[in-house]
Amino acid sequence: MTEPGTADHDAPRPLVLLLHGPNLNLLGTREPEVYGTATLDDHVASATAAADRHGLDVEAHQTNHEGELVELIHGARGRCAAIVINPGAFTHYAWSIHDALAAFDGVVVEVHLSNPNAREPWRHTSVIAPVATGTIAGFGGLGYALAMQAVAARLTAR
Ligand code: CA2
């Protein structure tokens, strides 16, 4: 039996699904003034390291296809404790991703490298935000570490 307030080292670690949407596979190759110089692999590695420090495991995927993101979100149901998602431009119009996330019974963190609200008006709408537990935007790659910290805090509070 585990004493209250102590870690159960035999318990399975919660799994976080880390999702990236369209064009984010190009990170590090263009627009460094907006998105920085780190590659997607760099962000996944630092997010995974941050998650590990919080006792979380990570499964990461990137896709340029809306339906594939929907399938990945469905596959998280009953399996993952949280989803951390940078939906890329799908953020601004993909209601199918909104609906899939609404059917996920866990913590959802929306992450953006840039601050879409400080950019073109069409980026100011997020159809993901209403079904996210919270949103982290504008802090570059640090946003993923902050997201993992937020997931761990939310899971502990449950
Ligand atoms: O700031 C973010 O993380 C975004 O989700 C990035 C999306 C953008 O549509 C959102 O408004 C905000 C775009 C990602 C495109 O990334 C590229 C990276 C390098 C080269 C070309 C595109």
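Helices (H or I, at least four residues) and strands (E, at least two) are DSSP runs numbered from the N terminus, and two strands are taken to pair if DSSP finds at least two bridges between them. The model is a predicted one, in which local features need pLDDT of at least 70 and side-chain atom pairs count only at pLDDT 80 or more, whereas totals for chains, interfaces and linings use all residues. Residues are numbered from 1 along each chain as its sequence is written, and side-chain values use heavy atoms, with hydrogens and water left out.

On its other pairing, E3 is joined to E1 in the parallel sense over 5 bridges, with valine 16 standing opposite alanine 82 of E3. These pairings form part of an open sheet of 5 strands, which are arranged in the order E2-E1-E3-E4-E5 with parallel pairing. Strand E2 (57-62) and strand E5 (134-137) stand at the edges and have a single partner strand each, so one side of each is left without a neighbour in the sheet. Neighbouring strands of this sheet are turned against each other by 20° on average, direction ignored; for such angles, axes are lines fitted to C-alpha atoms, for helices over the stretch in contact, and the values run from 0 to 180 degrees between N-to-C directions. Helix H3 (residues 66-76) packs on the sheet and touches strand E1 (15-20), E2 and E3, its direction making about 175° with that of E1, where contact means heavy atoms within 4.5 Å.

Strand E3 is mostly covered, 5 of its 5 residues being buried; buried denotes under 20% relative accessible area, exposed over 50%, and partly exposed the range in between (1.4 Å probe, protein chains only). Ala82, Val84 and Asn86 point one way from E3, while Ile83 and Ile85 point the other way, and all are buried.

The ligand is surrounded by 15 residues, of which Asn86, His92, Leu113, Ser114 and Arg123 are the closest, a residue being counted as near a molecule if one of its heavy atoms lies within 4 Å of it. An N or O atom in the side chain of histidine 92 is found 2.7 Å from an oxygen atom of the ligand. A polar backbone atom of leucine 113 lies 2.8 Å from an oxygen atom of the ligand, and for arginine 123 a polar side-chain atom is 2.9 Å from a ligand oxygen atom. Taken alone, the ligand exposes 510 Å², of which the protein buries 95%; accessible areas come from the Shrake-Rupley method with a 1.4 Å probe, and for residues only the protein chains shown count as cover.

Histidine 92 is located in the loop between E3 and helix H4 (95-102) and, at 13% relative accessibility, counts as buried. When residues up to four places away in sequence are not counted, histidine 92 touches Pro116, Trp122, Arg123, Thr125 and Val127.

Serine 114, which is placed in the loop between E4 and E5, is buried with a relative accessible area of 10%. The side chains of serine 114 and arginine 119 are joined by a polar contact of 2.9 Å, and serine 114 also touches Val34, Tyr35, Ala137 and Gly138, among residues beyond four places away in sequence. Proline 130 likewise has its place in the loop between E4 and E5, but this residue is exposed, with a relative accessible area of 58%.

In the loop between E1 and helix H1 (32-35), asparagine 23 has a positive phi of about 75° although it is not a glycine. Glutamate 31 lies in the loop between E1 and H1 as well; its phi is near 50°, a positive value in a residue other than glycine, and glutamate 31 is partly exposed, with a relative accessible area of 31%.

Methods: A polar contact is a pair of N or O atoms within 3.5 Å; within protein, one must be able to donate a hydrogen and the other to accept it, and residues adjacent in sequence count only if both atoms are side-chain atoms.
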